[in-house]
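Please work through each task before reading its solution.

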Amino acid sequence: MLKANFQGEVLFDDSIRLIYATDASAYREIPTAVTYPKSIKDIKTLINFARENNSSIIPRTAGTSLAGQVVGSGIIADVSRYWGKVLEINQEEHWVRVQPGVVLDELNKILEPHELFFGPETSTSNRCMIGGMLGNNACGSRSLIYGSTRDHTLEVKTVLSDGSEAVFGELSKREFEEKCTLTTMEGDIYRNIRDILSNTFNQKEIVSQYPDSKLKRRNTGYALDLLLQTEPFAGDKPFNFCKLLAGSEGTLAFTTEIKLNLVPLPPKHKGLLCVHLETIEKAIKANLIALQHQPRAVELMDHTILELSKKNIEQNKNRFFIKGNPGAMLIIELGGQSLNDVKAQAAEIESHFRQKGYGYHFPLIDGKNIAKVWDLRKAGLGILNNMPGDHKPASVIEDTAVLPELLPDYIDEMTKMLKRYDTSCVYYAHIATGELHLRPVLNLKDPIDVERFHNIALATAVLVKKYRGSLSG
Ligand SMILES: Cc1cc2nc3c(=O)[nH]c(=O)nc-3n(C[C@H](O)[C@H](O)[C@H](O)COP(=O)(O)OP(=O)(O)OC[C@H]3O[C@@H](n4cnc5c(N)ncnc54)[C@H](O)[C@@H]3O)c2cc1C
């Protein structure tokens, strides 16, 4: 019945359902069907069919999610096939309108002649798509300066769960009240949020229970706390439902079009100051010094990853700048109007580090070699999976974030907690914003370690809450 009314494809065979039972996470579930909607009419047909048959829809783009966001027993709606158009670029006003299946790197290539780009850059930029970036509120190594997808989403066109269409964007207080008078599902949504956020008990709970508002990377549930800071409620910012859609993982509405804010191309001259440190603890503390110098990014690699890269033929070539056996490394990205400007910034940071007793080697990498260093850093995940034997770093504490100044205590408690479970951890990634990928080494073929996986996840949640962090950054 679904097939008869569909312009795109609807597939039920086992092989395709098996392929779509996974994303980049540890989770597996076989969906009922896989569909490739071709038009808005298809999306409406799909939504109406799912509602009438009590099924769910899993919107999907590149499927690179790390926490099972596109894994489930419902109907997969893959928009990577027919929804890949860049619709409009406005160079003067710095925005672009795209369909959800546009690949990030391809978008930025198209924008380059306009001297603009989309700021949030994920490690998966060569395949991840804007619809998925919005769903996950994705960001990357430079979230310190560019923020996340939420910060740049101006407007989203959607199909709602009753099959009606709605466009969400910035509203004044008066426009918000007007929306509340609509007799459609869109009106219901505005009235509901008004009821939820006007309730003083809810307001207090949101303020006290949500992650620290200073945290840059925060995807703990729906971003109700950000809506509370808007004009119709306790704040002074314009209301925009896009703040909530970002990070909602496809659970609120089906996205068909996105209007994104763009930023000027990054400075032409860049350098990576690769600070060698003796221990991970020192690296975590030294990060706070680096942050005082307004870097573009600070990334961490720990001893395990650096050691494993020696045995990787491809990555061994990218170790040209490493001296000795560092216990950890901070990669500090600097940008400037000239190479001399970058060198001056690097010298200042090195002197500050030495004065405080952090770091023993400070190579500044520039030009073509920069790509090699980032290659080594980005390859971290792949290298980890090549750890010999059945024990592998498991993606269970993937994206927790706490304020960088709390990281020393948080990591100390985390290490002790893992010790109680008889395991240790690999530490790497976005230390500038307090978001580290912490991968406990487990053998997931062993039921005892599967139970540990579960218990470690629970203990981590308690710890993150204690530090007012975000379960997902
Ligand atoms: C090696 C590796 C490195 C990574 N590094 C980063 C990183 O640096 N930063 C980061 O943020 N993430 C990172 N990720 C996670 C992931 O790549 C990103 O979040 C990416 O933006 C997801 O895009 P996608 O196209 O794969 O989305 P998908 O995984 O396909 O979908 C993501 C979410 O968006 C929803 N969605 C997709 N399309 C629609 C639509 N049309 N309507 C409604 N909802 C929709 C989905 O239902 C899902 O909940 C990494 C993943 C891997 C495997």
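**Exercise 1.** Determine how many salt bridges the rule finds across the interface of domain 1 and domain 2.

*Solution.* Apply the criterion, a side-chain nitrogen of Lys or Arg within 4 Å of a carboxyl oxygen of Asp or Glu. The model is predicted: local features need pLDDT of at least 70, side-chain atom pairs count only at pLDDT 80 or more, and totals for chains, interfaces and linings use all residues. Residues are numbered from 1 along each chain as its sequence is written, and side-chain values use heavy atoms, with hydrogens and water left out.

**Exercise 2.** State the bounds of domain 1 and domain 2 and the separation of their centres.

*Solution.* Domain 1 covers 3-78 and domain 2 covers 86-263, bounds that come from an automatic or database domain assignment. Their C-alpha centres lie 23 Å apart. To the contact (heavy atoms within 4.5 Å), domain 1 contributes 14 residues and domain 2 contributes 19 residues.

**Exercise 3.** Give the area that domain 1 and domain 2 bury between them.

*Solution.* Buried area is the accessible area (1.4 Å probe) that two parts lose on being put together, summed over both. For domain 1 and domain 2 the value is about 1,300 Å², with 67% of it on carbon and sulfur atoms.

**Exercise 4.** Identify a side-chain pair that meets in a salt bridge, with its N to O distance.

*Solution.* The side chains of Lys44 and Glu165 form such a pair, at 2.8 Å, N to O.
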